[in-house]
Amino acid sequence: MTDAPLKLFNSLTRSLEVFEPVHPGEARVYSCGPTVYNYQHIGNMRAYVFADTLGRTLQWKGYKLTHVVNITDVGHLTSDADEGEDKMEKMAAREGKSAWDIARFYQADFEADLARLNVQPKQHPRATEYVDAMIAWGKGIADKHCYELESGLYFDVSTVADYGRLARAVTEDGEGRIESVEGKRNAADFAIWRRTPAGETRQMEWDSPWGRGAPGWHLECSVMGEALLGFPFDIHTGGIDHREIHHPNEIAQNQAFCCTNGLDDPRNSGAKIWMHNNFLVERSGKMSKSSGEFLRLQLLVDRGYHPLAYRLMCLQAHYRSELEFSWEGLGAALTRLKRMYKAVAVQLSRQFEEAGEPVEPTSVFLPIPREQWSEADETGVLRDFDEAISDDLNTAKCLPLLEEVLGDKFISHPMRWHLIATIDQVLGLDLLKVRRADLRIRPKAAGLTEAEIEVALARRKEARAAKDFAASDAIRDELGAAGVEVMDGDPLGWEWKLG
Ligand code: AMP
Ligand code: ZN
């Protein structure tokens with residue numbers, strides 16, 4: 001089997017490019033991480049499912065992966081264009097906690113959500129750990145590229161070539177930038193360092209050559225990317241909103257740092273390829289963190305949806321397409337997931353019958369090493385999968401291939417497991433670990449315990465066996481009133497579900 005070339009869409013050139021690593025055999029990726037002033041909503045989590053799929057694909061292609069997802073615990077203002085209040089300090093004031101405590105709490109929650117979505121562990125450097133490096137960076141570029149105002153040190157975007165190329169439409173008055181900082185030379189100029197106003201103190205502030213204050217948000221990603229991955233590294237990712245302001249500003253800083261100009265050679269931007277996931281959208285505004293109960297992973301779980309149903313929902317769409325969230329859509333993804341786990345369960349029990357003892361699939365059925373793919377790929381599914389995932393991560397096309405393997409009676413037992421394990425390395429649906437029963441999550445609002453439901457269903461079975469249909473219907477109605485839908489003859493073998 002010959003590998004398909006890995007093609008990825010580079011936002012900087014707006015074209016598909018064949019991935020050629022900067023360092024042979026290695027892939028170094030930086031993904032803009034969360035601002036930890038609040039819970040992440042599921043739209044944010046789409047960005048990390050995408051980044052994870054990219055990382056897993058690079059590993060599938062045989063590269064040794066180094067992947068950084070930073071934690072923004074200082075510096076991000078309520079508007080990306082450097083205006084408004086500091087998000088961390090604002091939340092700290094609202095919750096009556098220190099900004100440091102807020103950051104630790106929401107970082108832990110973020111990491112727990114990543115684990116629930118089966119996102120592989122990555123490096124999570126915190127911005128506050130890199131403030132010295134940010135000051136050193138600022139000193140290095142200040143003379144040629146920056147100017148000081150009362151409120152801090154600003155980057156003059158006219159000092160680098162091709163400023164804003166990534167956004168494709170930067171003009172003086174474009175992008176809705178409001179020039180609220182008096183004295184800025186260009187509307188798009190942004191803060192490298194924000195001086196604490198006289199007479200005020202911030203919870204998070206440091207001494208610098210430009211006074212006591214805090215770094216500008218864009219600086220941290222330039223500094224941590226360079227420190228942990230070296231310039232140029234291979235791929236920089238983020239949500240599509242970052243294509244407009246944050247990433248053009250990061251690129252300008254990187255150009256200034258490298259003393260190079262011009263983005264005709266993308267490497268001068270600090271990374272060879274810039275990739276952006278499109279948004280998850282929701283019509284009623286529940287994605288907004290200011291909307292009270294907003295859509296976060298825990299809310300999905302509270303309503304009885306397994307987190308991996310959300311991962312599958314993301315994989316069903318191409319990362320560059322907008323994805324509309326709906327509970328029906330999530331329900332459909334959960335049903336699809338149930339089908340997959342059911343296929344696994346059926347085969348496990350067959351295997352159990354044959355072997356006469358329980359089979360632990362993860363310990364026995366290991367992924368096929370790359371060197372053996374050709375030999376193992378009798379049906380051609382690995383080749384097809386490789387082609388689809390190498391085509392700018394076409395996960396939507398990969399899923400039916402997985403389903404083919406799950407349902408193909410002609411693939412022999414051990415080989416089928418090996419193939420599933422191999423493919424799931426990229427999709428991350430945890431098919432050999434998650435059990436069918438794990439998918440049944442009790443919604444928080446459910447009135448009955450699982451044991452109570454089972455008892456009622458057993459009574460109903462007895463009534464039906466005795467042909468007492470009035471009694472059986474009555475039990476069904478009682479369960480219905482408690483939010484439990486009885487599903488007679490469900491092809492997936494689920495006898496009930498919580499509505
Ligand atoms: P933030 O914590 O606001 O810096 O956002 C974290 C990541 O989520 C960034 O990469 C954003 O671009 C991304 N993001 C924000 N909203 C959405 C959304 N609705 N859909 C997909 N990605 C998003
Ligand atoms: Zn960033």
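**Sheets, ligand shell and domains of the predicted model**

Glutamate 148 stands opposite leucine 153 in S8. This is a predicted model, in which local features need pLDDT of at least 70, side-chain atom pairs count only at pLDDT 80 or more, and totals for chains, interfaces and linings use all residues. Residues are numbered from 1 along each chain as its sequence is written, chains are lettered from A and ligands numbered from 1 in the order in which they are written, and side-chain values use heavy atoms, with hydrogens and water left out. Helices (H or I, at least four residues) and strands (E, at least two) are DSSP runs, numbered from the N terminus. Two strands pair if DSSP finds at least two bridges between them.

Glutamate 148 belongs to a pairing between strand S7 (residues 146–149) and S8, which is antiparallel and runs over four bridges. Leucine 149 faces glycine 152 of S8. A hairpin of two residues joins S7 to S8. S8 also pairs with S9, again in the antiparallel sense and over four bridges. In that pairing, leucine 153 stands opposite tryptophan 193 in S9. Together, four strands form an open antiparallel sheet in the order S7-S8-S9-S10. Its edge strands are S7 and strand S10 (213–215), and each pairs on one side only. From one strand to the next, the twist averages 20°. Such angles run from 0 to 180 degrees between N-to-C directions, with axes taken as lines fitted to C-alpha atoms, for helices over the stretch in contact.

The loop between strand S8 (152–155) and strand S9 (190–195) holds aspartate 162. This residue has a positive phi of about 60°, although it is not a glycine. Most residues other than glycine have a negative phi, and most peptide bonds are trans. A cis peptide bond links phenylalanine 231 to proline 232, with omega near -15°. Proline 232 is found in the loop between helix H5 (217–229) and S11.

A second sheet is parallel. It is open and contains four strands in the order S4-S3-S11-S12. Strand S4 (64–69) and strand S12 (271–277) are its edge strands, each pairing on one side only. Here too, the twist averages 20° from one strand to the next. Within this sheet, strand S3 (residues 26–31) and strand S11 (residues 233–239) pair in the parallel sense over three bridges. Tyrosine 30 stands opposite histidine 236 in S11. Strands of a sheet pair through backbone hydrogen bonds, either parallel or antiparallel.

S11 also contributes to the ligand shell. Helix H1 (42–60) and S11 each supply at least two residues of the shell around ligand 1. The largest share, four residues, comes from H1. In total, 18 residues surround ligand 1, and the closest are Thr35, Gly43, Gly239, Asp241 and Leu280. A residue is near a molecule or strand if one of its heavy atoms lies within 4 Å of it. The shell divides into five nonpolar, twelve polar and one charged residue. In this scheme, Ala, Val, Leu, Ile, Met, Phe, Trp, Tyr, Cys and Pro count as nonpolar, Asp, Glu, Lys and Arg as charged, and the others, Gly among them, as polar.

A side-chain N or O atom of aspartate 241 lies 2.4 Å from a ligand oxygen. For threonine 35, a backbone N or O atom lies 3.1 Å from an oxygen atom of ligand 1. For asparagine 44, a polar side-chain atom lies 3.2 Å from an oxygen atom of the ligand. The protein covers 93% of the 500 Å² of accessible area that ligand 1 has on its own (Shrake-Rupley method, 1.4 Å probe).

The domain assignment of the chain gives domain 1 (7–277), domain 2 (298–437) and domain 3 (448–498). Domain bounds come from an automatic or database domain assignment. The C-alpha centres of domain 1 and domain 3 lie 54 Å apart.

Methods. A polar contact is a pair of N or O atoms within 3.5 Å; within protein, one must be able to donate a hydrogen and the other to accept it, and residues adjacent in sequence count only if both atoms are side-chain atoms.
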